[in-house]
Structure formats: C-alpha cells, structure tokens
Amino acid sequence: MIRNFSKTDMDAVLDVWLDASIKAHNFIVSDFWRSQLGSMRNIYLPSSEVWVHEKNGIVVGFFALLGDRLAAIFVAPDLQGLGIGKALISYAQSLRSNLSLTVYTANSASVGFYKSQGFNVINEGVDATTGESELTMQWVSNNSFKPTPLRNAT
C-alpha cells in the first residue's frame, strides 16, 4: 500500500534511507550517510512531498518529490527486487507529467532501474558534496491525450 507520509513514519523512513543508501552507495564511506541523518530528518523530508510503501503495517520504501524532481526513492535492502521500487516509481509518475532525478554514475543498478522505468540521461556532472560523478535523468509522460473541445449540439 502506498500512502502519504506522516510524522510517525519518520524513524522508519530514515532507517530505510540509511540502510539502502549504504548498500547502494558502497563507493562512499558509510559515515557520510550517517552524518546526513539530521539533515534528512529536519530539512529534506519536511520540505518534500513524501509517500511511503507499507507492507503488513511496516514502512518498506518511500519516495520524496520536490516539485517535479524525484529527490529520493529507497526500498529496504532485504526487499529490493520484489517490485516495490517499480510500484513507487509508477505512483510518482502518476502524480506528475515529468520527473527528473540525479543518480551517482557508479550506482549502475539504480541507473539501469531508472532506464527500465522510462528515464533518460540528459546531463552528466559531479556532486559537489561527495565529488562523485552523477547523471541527471528525466522521464516525460507519453500521454499526449488532448481533449477535443465540445461543440454545442444543434
């Protein structure tokens, strides 16, 4: 079940974020991620639109949107590969007509995942905080439906 984040989800979301960040970004020392917990708790999550994926009453994944930017998407490491990430991406895509994100180039599994979900690389750069190479990716809805204006019946 995907639902809106509530303040009572904070610790569970931070646990998922930290565990998944350390696993996905093993090219960055784990202490860096631990040092970011306060900012995640007090700045990033409160300023974002956050949705959680709950399984049997337990938060197992989440995503955060800042406007049309997918600022975060994480799934508990022991539950990755079961479709939770796809469900979260699909839900985020249902909320927006386009999304962008940044991902570390070295995180090849996530780059491949995003590509499989319709995201394309639009830029390459370097993350100023870590010095790691990163990609900016974008997804644009292919829903080109445009309603035809109604005509008055005569």
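Student: Which residues of α5 are exposed?

Tutor: This is a predicted model. Helix α5 covers residues 108–116, with Ser110, Val111 and Tyr114 buried. The other side of α5 holds the exposed residues: Ser108, Ala109 and Ser116.

Student: Why do the buried residues of α5 line one face of the helix?

Tutor: The buried residues are Ser110, Val111 and Tyr114. Look down the axis of α5: these buried residues fall within a limited arc, so they line one face. In general, an α-helix has 3.6 residues a turn, so residues three or four places apart point the same way. For α5, the arc is 105°.

Student: Which residue just after α5 takes a positive phi?

Tutor: Just after α5 comes a glycine with a phi of about 95°. That residue is Gly118.

Student: How are α1 and α3 oriented to each other: parallel, antiparallel, perpendicular or oblique?

Tutor: In general, two packed helices are described by the angle between their axes and the distance between the axes. Helix α1 (residues 10–24) and helix α3 (residues 37–44) pack at about 135°, with axes 11 Å apart. Over 145 would count as roughly antiparallel, and 65 to 115 as roughly perpendicular. The pair is therefore oblique.

Student: Is the crossing of α1 and α3 left-handed or right-handed, and which residues of α3 make the contact?

Tutor: The crossing is right-handed. From α1, the contact uses Met10, Asp11, Leu14, Trp17 and Leu18. From α3, the contact uses Leu37, Met40 and Arg41.

Student: How many helices and strands does the protein chain have?

Tutor: Start at the N terminus. The elements run β-α-α-α-β-β-β-α-β-α-β-β. The secondary structure comes to five helices and seven strands.

Student: Which element of the protein chain has the lowest mean pLDDT?

Tutor: The chain averages a pLDDT of 91, and 92% of the residues score at least 70. Among the elements, strand β3 (residues 58–66) has the highest mean, 97. The lowest mean, 92, belongs to helix α2 (residues 30–35).

Student: What percentage of the residues of the protein chain count as buried?

Tutor: The C-alpha trace spans about 70 × 40 × 30 Å along its principal axes. The chain has 154 residues. Of these, the buried share is 38%.

Methods
Residues numbered from 1 in each chain as written. Predicted model: local features only at pLDDT ≥ 70, side-chain atom pairs only at ≥ 80, totals over all residues. Heavy atoms only, no water. Buried < 20%, exposed > 50% of the residue type's maximum accessible area, 1.4 Å probe, protein only. Helix = DSSP H or I, 4+ residues; strand = E, 2+ residues; numbered from the N terminus. Arc of directions from axis to C-beta. pLDDT = per-residue confidence, 0-100. Axes fitted to C-alpha atoms, helices over the stretch in contact; angles between N-to-C directions. Parallel < 35°, antiparallel > 145°, perpendicular 65-115°, else oblique. Left-handed = near helix turned anticlockwise from the far one by under 90°. Contact = heavy atoms within 4.5 Å.
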